[in-house]
Amino acid sequence: MAIDKNWDIFCKIVDNFGDIGICWRLAKQLQSEHQLTIHLYIDDLHVAQQLIPAIDTSLGQQSIQGISIIAWHADTKLPAAAPVVIESFACELPQAYLDTMQPSTVWINLEYLSAESWVDDFHAKSSKRGALTRHFFFPGFTTSTGGLLREHAITQQQQRLAQTPTQQQSFWDSLGLAHSPHLKVSLFCYPHAPITTLLLAMAQSSQPISCYVPASSILPSVADFFGQSALHIGGTFTQQNLTLHVIPFLSQSDYDQLLGCCDINFVRGEDSWIRAIWAGKPFIWQPYLQTEQTHIKKLHAFLDLFYAQCADATKVAAYNLHNAWLSEQISTATWQDYLSHLSALNTYSRQQSNALAQQTDLATKLVIFSEKIIKNISENKV
Ligand code: TRH
């Protein structure tokens with residue numbers, strides 16, 4: 001049975017860029033790979049504009065890359081609900097919109113990603129709200145979950161980039177930078193990470209390192225390390241074996257290229273974490289800080305899953321650097337030990353990336369899931 005082609009996605013920007021980063025990527029993939037018509041409701045166009053520079057913040061509605069983007073405020077006039085509605089990250093649909101939903105409306109709450117084992121049991125459960133049914137869709141790393149957000153061509157694109165020096169050169173040219181022969185590290189993290197200790201460990205590395213920092217809230221810590229009062233985009237700073245470049249906050253596709261062109265990527269939150277996996281390079285993930293040490297449980301669940309087949313010494317080096325990144329300092333020895341396993345980590349990360357890319361992706365699973373619900377409703381099974 002053909003699924004109805006109109007989907008609405010609601011995105012509330014709670015903090016940072018993860019919510020809009022994921023909703024925008026999902027909207028584009030549903031439109032381009034599944035030929036759906038997407039209306040994306042966003043509550044903060046100013047933040048969204050950093051990821052989608054084409055947004056005109058003065059407009060109530062606009063079309064960008066085939067997606068209809070709607071400014072979502074308390075007084076936004078909402079049309080009747082689409083047949084399929086994605087409520088991202090429990091953002092709470094407006095009452096006026098809920099009032100137009102039918103028992104047949106497919107209402108899906110898209111949850112945050114976690115590698116914890118409980119996700120397998122909670123994925124695709126539902127609860128009733130009056131005559132409506134709300135389905136809980138959990139992204140994840142196993143086949144029992146909702147899968148990972150992945151455009152069909154991304155892993156091939158990243159492999160092509162890794163094998164094509166001219167393509168890498170064009171990327172560095174676009175940033176106005178020379179192609180460095182040194183070990184290349186990208187750094188995107190939360191400001192509470194032990195940034196200055198990482199920079200010191202890199203400066204004291206046994207090999208030269210080029211570090212690329214997209215402009216974000218960590219610049220004051222980086223400035224401190226280099227004894228500067230502030231840093232500007234385009235600035236280059238050197239200490240011992242470390243050369244650091246402050247680059248602009250990139251478009252999502254350029255950020256993918258940065259991840260693909262670097263040898264080690266420090267990533268955070270949810271979306272950059274998944275992108276680092278598809279880049280197929282060694283990466284260090286900093287989870288979003290949560291109460292009750294939940295972020296530490298999430299980190300360990302992921303490390304246990306991702307490094308399950310990894311040789312012991314390499315696995316220990318990866319765990320140690322992740323744990324240090326979550327603590328108050330990274331020692332030069334921990335960093336150096338990670339570097340000594342880099343070749344094995346590189347091969348292993350590429351294998352894991354390829355293995356995870358064999359699973360059905362999140363957008364496709366969402367489409368299959370909605371089709372199933374629509375079919376069940378039409379056959380009166382719910
Ligand atoms: O910005 P984040 O910290 O978002 C977080 C997480 O999603 C977290 O799970 C959630 O609870 C919280 O928000 C509310 O990290 P994340 O998820 O990696 O999102 C960053 C986005 O920014 C991602 O789409 C990649 C993109 N990005 C660029 O487009 N250009 C850049 O230069 C950089 C550094 C990132």
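Trainee: What makes Asn109 count as buried?

Mentor: This is a predicted model, and in it Asn109 has a relative accessibility of 1%; since buried means under 20%, Asn109 counts as buried. Asn109 is found in strand β6, residues 106–110, and, leaving aside residues up to four places away in sequence, it touches Glu87, Ser88, Phe89, Ala90, Cys91, Arg134, His135, Phe136 and Phe137.

Trainee: Why is the contact between Asp256 and Arg25 called a salt bridge?

Mentor: The closest N and O atoms of Asp256 and Arg25 are 3.9 Å apart, and the cut-off for a side-chain nitrogen and a carboxyl oxygen is within 4 Å, so the pair qualifies as a salt bridge. Asp256 lies in helix α9 (residues 252–261) and Arg25 in helix α1 (residues 18–34), so the pair ties together parts that are 231 residues apart in sequence.

Trainee: Which other salt bridge does Arg25 form, and what does that pair tie together?

Mentor: Arg25 also forms a salt bridge with Asp271, where the closest N and O atoms are 2.8 Å apart. Because Arg25 lies in helix α1 and Asp271 in helix α10 (residues 271–279), this pair ties together parts that are 246 residues apart in sequence. With relative accessibility of 5%, Arg25 counts as buried, and Asp271 is buried with a relative accessible area of 9%.

Trainee: Which residues are linked in a network of salt bridges?

Mentor: The network links Arg25, Glu151, Asp256, Asp271 and Arg275; the side chains of Asp256 and Arg275, for instance, meet at 2.9 Å, N to O.

Trainee: How do you know that the pair formed by Phe225 and Phe226 is edge-to-face?

Mentor: The structure holds 30 aromatic pairs, and in the one formed by Phe225 and Phe226 the centres are 5.0 Å apart, with 90° between the planes.

Trainee: What makes β11 and β14 the edges of their sheet?

Mentor: The open sheet has 6 strands in the order β11-β12-β10-β9-β13-β14, with mixed pairing. β11 (236–239) and β14 (283–286) each have a single partner strand, so one side of each is left without a neighbour in the sheet.

Trainee: How many bridges join β9 to β13, and do these strands run parallel or antiparallel?

Mentor: Strand β9 (residues 183–187) and strand β13 (residues 264–268) run parallel and are joined by 3 bridges; pairing requires at least two, so the two strands count as paired.

Key. Residues numbered from 1 in each chain as written. Predicted model: local features only at pLDDT ≥ 70, side-chain atom pairs only at ≥ 80, totals over all residues. Heavy atoms only, no water. Helix = DSSP H or I, 4+ residues; strand = E, 2+ residues; numbered from the N terminus. Buried < 20%, exposed > 50% of the residue type's maximum accessible area, 1.4 Å probe, protein only. Contact = heavy atoms within 4.5 Å. Phe/Tyr/Trp six-rings, centres within 6.5 Å; stacked < 30°, edge-to-face > 60°.
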